[in-house]
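These are my notebook entries on one structure. I begin with a hairpin and then turn to the domains, the ligand shell and a sheet.

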Amino acid sequence: MADSTEETKEWVLDPETEYRFELDPDTTLAIKIIRGSAEVFGAELSEGVTHLFGSECKAAVYTWQGCTLQIRRPSTEYVSDETPMAAYMNLHLAFEQMRVRALQSTYDDPVHADEVAGVPDGPPRVLVLGPENAGKTTACKILMNYAVRTGQGWTLMFVSVDPSEGGWTVPGTVSACPMKMPIPTQSPANPLGSTVTSAPTALSSGALLPLVYWYGHAEVRQNPLLMDRLIRNLGENVNSRHLGDSLGNCSGVIIDTPSSFATGIAAAPSDKKYALVKACVDAFQTHSLILMTVNVILIIGHEKLNVEMQRIFGASMSVVKVPKSGGVVDLDHAYRERVHGYQIHHYMYGTHFSPPPGLVAAGTSGDESVDASDARLSPVSTAVGFDDLAIYRIGGESIAPSSALPIGATRAVSELQPVQVDPGARGSGLLNAVLALLAPLHPDENERYDEEVLDLAVSAFLVVTAVDMSNRKLTILMPGPGPVAGRTAIVGSFEWQDQ
Ligand SMILES: Nc1ncnc2c1ncn2[C@@H]1O[C@H](COP(=O)(O)OP(=O)(O)OP(=O)(O)O)[C@@H](O)[C@H]1O
C-alpha cells in the first residue's frame with residue numbers, strides 16, 4: 001500500500017513481504033524506515049536513518065514483522081509476499097546448529113545424538129550453485145548476514161569464485177574474506193562490501209581484508225585450468241588460517257560460484273564436466289576432528305542440477321535445493337559491463353551518491369541522518385619505465401582452453417604459462433588494461449619456480465592510462481602511492497577508461 005506526496009512516498013509493508021526496486025542509471029533512491037524493522041538481503045536497516053542506493057542497484061527491503069518505509073525518488077518498484085526467506089531462515093537455523101555443535105566438540109563437550117539428527121557433521125562449509133541470475137550471491141549474503149547477526153561472535157569466511165562478480169575489489173578476481181559484520185547492499189559497485197585496499201588508513205579501521213587472486217577474465221571458460229589452480233590456492237590459505245582459529249573454523253565457509261560451475265565446463269569430457277565444483281568441494285576443508293571437505297551443496301532453483309549433484313555428491317554430503325526468488329532480476333550483458341565499470345571506478349575513487357532532490361547531502365544535514373557510505377578516494381597517477389615493471393599474461397595471447405582445440409591440435413603455450421609482455425611491442429594490449437600488482441616474488445631465488453606468479457596474491461590493481469613509446473614509459477593509475485619498480489604484474493582481458 002503506497003501513500004505519496006510530491007517527493008516522498010510511503011509504503012506500509014505487511015509481515016513477511018518485501019519491497020523490490022530497480023534503479024535507472026544516474027538515479028539515487030533514499031529509503032527510511034519510519035516504523036518497524038526491515039533488512040536488505042539479511043543486513044538490517046537502522047530505523048530513522050535515510051539509506052541511499054545507487055549505481056543501478058536492484059534489491060529488496062524485506063520485513064519479518066511489518067514496517068513502514070518512506071521512499072524518495074522511486075524507480076521500478078513493487079511489493080511481493082512470495083519470497084523464499086522462510087527457506088533461508090530454516091537453512092540459517094540448521095547452519096547455526098552445525099556451528100554450535102562444532103564449537104562444542106572443539107571444547108570436548110559431549111553432543112547428544114538427538115541434537116544432531118539430520119544435520120551434517122562439522123561446521124557448515126556451503127557451496128552455492130545455480131544457473132545464471134538465480135540469486136546465488138544474494139543467497140550467500142543473506143546466510144552470511146544472518147550468521148553474523150546472531151551475536152555469537154562468528155567470523156565466517158566468504159569465498160567468491162565468481163570472476164564476473166567483482167567481490168571486494170574489481171571483476172576478474174577470486175577472493176576470500178573473513179566477515180564479522182553484515183554486508184550492506186547499496187550498489188552493485190561493491191557487492192560484498194568495501195575493502196581497505198582502496199581506502200586510506202583512517203577510513204579503513206573496520207574495513208575488510210580479503211585475500212585476492214587475479215584470474216583476469218569474466219568467464220570461467222576462458223581459462224578453467226587457471227581457475228582450478230586459484231581455487232586450490234584460496235582453499236589452502238583459508239584452511240591454514242582456520243587451523244589456528246577455531247572460532248573462525250567453526251563459523252564455517254560460504255562459497256559463491258558463477259553459473260558456469262552449474263552448467264559444467266563446455267567441451268570437457270563428461271567425467272570432467274563438474275571439475276570445478278569438485279575442485280571447490282576438495283579445496284575448502286576443515287580439520288576439526290577428521291579432515292572434512294565441503295559438507296553442504298545448496299542448489300538455487302534448478303531441478304536437474306539438484307538431481308545431478310545428488311547423484312555425484314549425495315552420498316558424502318547434504319545436497320539441498322531452495323527455490324529461486326521471483327525478485328531476482330535477469331541481468332543482461334550490457335548491464336554487467338556497466339557494473340564492471342562501476343566496480344573499477346569504485347575501487348579507484350570510492351563511492352558517492354548524490355542524494356535525491358529534497359534531501360541534503362551526507363554530513364551537511366541538520367536533523368536528518370543519511371547513511372550513504374560516502375567515501376571519496378583519490379587515486380594516484382604515476383609514470384613507470386617499461387623495464388621497471390615485469391608484466392605477464394597467463395597463457396599468452398590465445399586463451400582458448402586446450403579442451404576447445406581441434407582433435408590432435410596442441411597449444412604452443414600452455415594455459416598456465418606466464419608469458420612476459422613487452423610494453424614497447426606494437427599491440428601489447430596494455431593501454432587501458434587493468435593489471436594486478438602481485439605480492440613480491442620469493443626472496444630466495446632458489447625457491448622460485450616458473451609458475452610462481454600464479455600462486456601470488458594481489459597487492460593492488462592498476463590501470464594503464466597511457467603508453468609513451470618514445471620515452472618508454474607507462475602512466476598508471478593506482479589506488480594510493482607505493483613502490484611499483486621491480487614488481488610483477490599480470491594483465492588479463494579487462495579494460496577500463498576513466499570518464
Ligand atoms: N528479492 C529480490 N528483489 C529484487 N532484486 C533482487 C532480489 N534478489 C536478487 N535481486 C537482484 O537480482 C540480481 C541478480 O541476483 P544475484 O547476483 O544474487 O544472482 P546470481 O545468481 O548470483 O547472478 P550471476 O548469474 O551473475 O552469478 C542482483 O542485482 C540482485 O541484487
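**Entry 1**

I worked from a predicted model throughout. I looked up strand β25 (residues 458-468) and found it joined to β26 by five bridges, with the two strands running antiparallel. Within this pair, Asp-468 stands opposite Lys-473 of β26. I noted that β25 and β26 make a hairpin with four residues between them. In the turn, Arg-472 has a positive phi of about 50°.

I then checked strand β26 (residues 473-478) for a further partner and found strand β21 (residues 380-385), joined to β26 by six bridges in the antiparallel sense. Ser-381 has Leu-477 in β26 as its bridge partner.

**Entry 2: domains**

I consulted the domain assignment, which lists domain 1 (1-83), domain 2 (85-322) and domain 3 (380-495). For the contact between domain 1 and domain 2, I recorded 15 residues from domain 1 and 15 residues from domain 2. On the domain 1 side, β6 (43-45), β7 (49-53) and β8 each supply at least two residues. By class, I found that this side of domain 1 holds eight nonpolar, four polar and three charged residues.

**Entry 3: the ligand shell**

I listed 21 residues around the ligand, the closest being Ala-60, Lys-136, Thr-137, Thr-138 and Gly-327. I traced at least two shell residues to each of β3 (17-22), β8 (58-63) and α3 (136-148). By class, the shell comprises seven nonpolar, eight polar and six charged residues.

**Entry 4: the seven-stranded sheet**

I followed an open, mixed sheet of seven strands in the order β14-β13-β12-β15-β11-β16-β17. The edges are β14 (211-214) and β17 (318-322); each has a single partner strand, so one side of each lacks a neighbour in the sheet.

**Entry 5: helix α7**

Which residues of helix α7 (residues 275-283) are buried? I found Leu-276, Val-277, Ala-279, Cys-280, Val-281 and Ala-283 to be buried. The buried residues of α7 pack against strands β11 (125-129) and β15 (253-256), and against helices α4 (224-243), α6 (259-263) and α8 (303-313). I noted that β11 and β15 also belong to the seven-stranded sheet of the previous entry.

Key:
Residues are numbered from 1 along each chain as its sequence is written. This is a predicted model: local features need pLDDT of at least 70, side-chain atom pairs count only at pLDDT 80 or more; totals for chains, interfaces and linings use all residues. Two strands pair if DSSP finds at least two bridges between them. A residue is buried if 20 or more other C-beta atoms lie within 10 Å of its own, exposed if 12 or fewer, and partly exposed in between; C-beta atoms are placed from the backbone. Two residues are in contact if their C-beta atoms, placed from the backbone, lie within 7 Å. A residue is near a molecule or strand if its C-beta atom, placed from the backbone, lies within 6 Å of it. Ala, Val, Leu, Ile, Met, Phe, Trp, Tyr, Cys and Pro count as nonpolar, Asp, Glu, Lys and Arg as charged, and the others, Gly among them, as polar. Domain bounds come from an automatic or database domain assignment.
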